[in-house]
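Open the model in your viewer and keep the sequence panel beside it.

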Amino acid sequence: MPDFVMRPLASAGRGTVKTLSSVGRAWILFAGTAGALRHAGIWGPQLVPQLARIGVASVPIALFIATFTGIVMSLQASYTLTGTIPLYFVGVLVGKTMMLELGPVLTGLTLAGRVGANISAELGTMRVTEQVDALETLAYDPLAYLVVPRVIAGIVMFPIVVLLAMTVGIVSGWFTALQLLDMSSPEFVKGLRLLFEPWDVWFAIIKSISFGAVVTGVGCFYGLQTERGAEGVGRSATQTVVIASMIILCLDAFWAATLL
Amino acid sequence: MDRRREIMVGLVVVLGIAVGVVGTIWLQDGWGRDRVSLRAASTSVGQLMEGASVKFRGVAVGRVESVAVVPSGEAVLIDMSVRPDLIIPSDAAVLIAPESMFGDWQAEIIRRGDYDTHPYLEYPGEGVLPAVALPDFSRLTATADEIAQNLTTISERFEVAFTEETAQNLGRAIDNLGEVSDQFSEIIDQQAERFDALAERVDASTQELGAAARAARVSFERVDAIVADGQVQKLFADAGAGVENLRRLTENMDASLTDLQTAARQADATFSRLDALLVALQDEDGSLGRLLADPSLAEGALDAVAQMRDLLLDIQQNPRRYLSFSIF
């Protein structure tokens with residue numbers, strides 16, 4: 001067979017094997033992490049520091065983004081609705097959008113960059129510097145010590161951060177409506193309450209839990225797969241952000257299709 | 001350091017959970033409020049949904065808790081929660097209607113007497129308020145669409161009926177109408193002028209009538225005076241005498257007519273004889289006829305007349321020549 005035929009076939013085969021290999025390793029990691037939950041004595045002391053790093057440290061950037069998102073939402077809603085629809089629908093739009101979509105997704109994407117890249121770089125550095133091997137030598141389960149506390153921290157803290165971000169986004173949109181749109185508080189609150197359903201909050205929490213698991217899980221996966229020194233660490237961080245963001249958007253569509 | 005970190009994490013977690021819980025309760029408009037339940041039944045609820053506002057006299061007093069069709073399918077039950085201090089009217093009913101044009105509906109507690117024309121559903125059960133849903137906006141739209149179609153049909157028929165000739169006829173009719181209008185205006189002007197003149201005449205007549213009335217009043221006053229003086233009886237007596245004279249005159253006239261008839265008959269006989277005489281003259285019969293027919297006789301007669309005149313003249317001048325009287 002000529003080379004120009006064999007080369008694309010070989011490339012396609014390599015890609016397929018690589019993808020399936022990654023999926024397999026991801027499942028192995030997932031199964032190992034689930035199994036490592038039983039080593040609470042190992043991951044327990046690491047949980048609070050990870051909660052602080054992943055959750056508390058992420059609050060400022062999440063609130064910053066939510067603040068400006070709320071402002072922009074309010075202004076764009078008024079720009080869209082003025083003259084045709086009552087202005088109290090600005091409250092409807094800001095509330096619904098922040099709860100159902102922008103709060104969880106923007107926070108998830110932001111934390112995919114901040115938390116996911118951080119985890120990937122940290123674990124990748126540990127991998128290339130053989131600290132992970134050292135843990136194994138010391139009879140520490142690296143999954144229990146490194147992955148489980150981070151994933152649990154992500155699952156616990158992402159909804160908290162998202163709730164705070166949603167609240168701040170709505171409040172900033174409210175403040176914008178009062179200051180820039182000649183709306184009154186009763187008008188905005190009327191719109192906010194008009195189509196509100198408690199399920200909207202639960203929907204945001206469910207999405208953010210899944211986002212937290214994905215961001216931390218992807219970060220841990222690519223971090224532990226890091227090879228070839230500092231270059232590999234950078235590549236792992238980049239891959240983590242890209243893949244986590246893609247999975248977040250896919251999950252966003254999935255939850256919208258299944259839960260709404 | 002670990003202690004501080006734990007506090008921070010705990011603070012963020014508690015804050016996040018608190019924000020979620022408090023925000024949800026606040027947005028549900030259920031923060032710290034006691035509620036009492038109300039139930040209403042209607043044949044339809046339009047687009048009323050759980051969470052919709054319940055209003056009384058335009059003020060939000062609660063929310064719709066549930067909307068459910070009864071198993072038999074003959075009614076929809078609406079459960080509402082309202083403020084406990086709300087005193088609803090004894091004849092309360094629930095009017096379900098759009099709150100605005102954008103899909104949000106409300107249930108308003110009203111006095112049934114104020115909106116008694118609506119077909120409320122009387123559902124059996126204690127405390128179940130009768131309710132009625134106003135037509136959905138989509139129904140109004142459908143009705144408007146039907147009206148639009150009817151208008152389209154009418155328009156098409158009008159286009160069919162309204163040809164060029166119709167337009168021309170209509171134009172002529174309008175022109176004629178204009179002319180008629182002008183003529184009518186002129187007639188009105190003329191009639192107005194006539195009415196003015198008539199009014200003036202009526203005014204003058206009125207004045208004359210007034211004068212006549214005044215004169216009549218004077219006459220009546222005089223008549224009254226005459227009646228009062230007894231002159232009427234005298235007039236009646238004079239009239240009776242006049243009538244008697246008139247009766248006599250009539251009798252005389254009757255007699256005269258009789259005489260006149262007699263004279264007429266005599267004249268008639270005279271004329272007959274005259275006619276016979278004239279016939280005789282024409283026939284040259286008799287002395288006079290012969291006289292007329294024979295000029296010599298006439299001349300002889302003239303001579304005789306002349307001689308008679310001379311004789312008479314002589315007699316007058318010399319009577320004694322011819323007359324001699326002696327008594328003895």
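Start with chain B. Colour it by secondary structure and look for seven helices and seven strands. Here helices (H or I, at least four residues) and strands (E, at least two) are DSSP runs, numbered from the N terminus. Follow chain B along its sequence, and the pattern reads α-β-β-β-β-β-β-β-α-α-α-α-α-α.

A word on the model itself. It is predicted: local features need pLDDT of at least 70 and side-chain atom pairs pLDDT 80 or more, while totals for chains, interfaces and linings use all residues. Residues are numbered from 1 along each chain as its sequence is written, chains are lettered from A and ligands numbered from 1 in the order in which they are written, and side-chain values use heavy atoms, with hydrogens and water left out.

Now show the surface of chain B. Its accessible surface comes to about 24300 Å², by the Shrake-Rupley method with a 1.4 Å probe, where for residues only the protein chains shown count as cover. Carbon and sulfur atoms hold 58% of that surface. Of the 328 residues in chain B, 17% are buried (under 20% relative accessible area; exposed is over 50%, partly exposed in between; 1.4 Å probe, protein chains only).

Next, select both chains. Where do chain A and chain B touch? Look for 27 residues of chain A in contact with 21 residues of chain B; contact means heavy atoms within 4.5 Å. The area buried between them is about 2000 Å², with 79% from carbon and sulfur atoms. Buried area is the accessible area (1.4 Å probe) that two parts lose on being put together, summed over both.

α2 (40-55), α4 (89-128), α6 (142-180), α7 (185-194) and α8 (198-224) of chain A each give two or more residues. α6(A) gives the most, with six residues. By type, the residues on this side are 22 nonpolar, two polar and three charged. Nonpolar covers Ala, Val, Leu, Ile, Met, Phe, Trp, Tyr, Cys and Pro; charged covers Asp, Glu, Lys and Arg; the others, Gly among them, are polar.

Last stop: select A:S58, in the loop between α2 and α3 (59-81) of chain A. Is A:S58 buried or exposed? A:S58 is buried, with a relative accessible area of 0%. Beyond its neighbours within four places in sequence, A:S58 is in contact with A:R53, A:L111, A:R114, A:V115 and A:V161.
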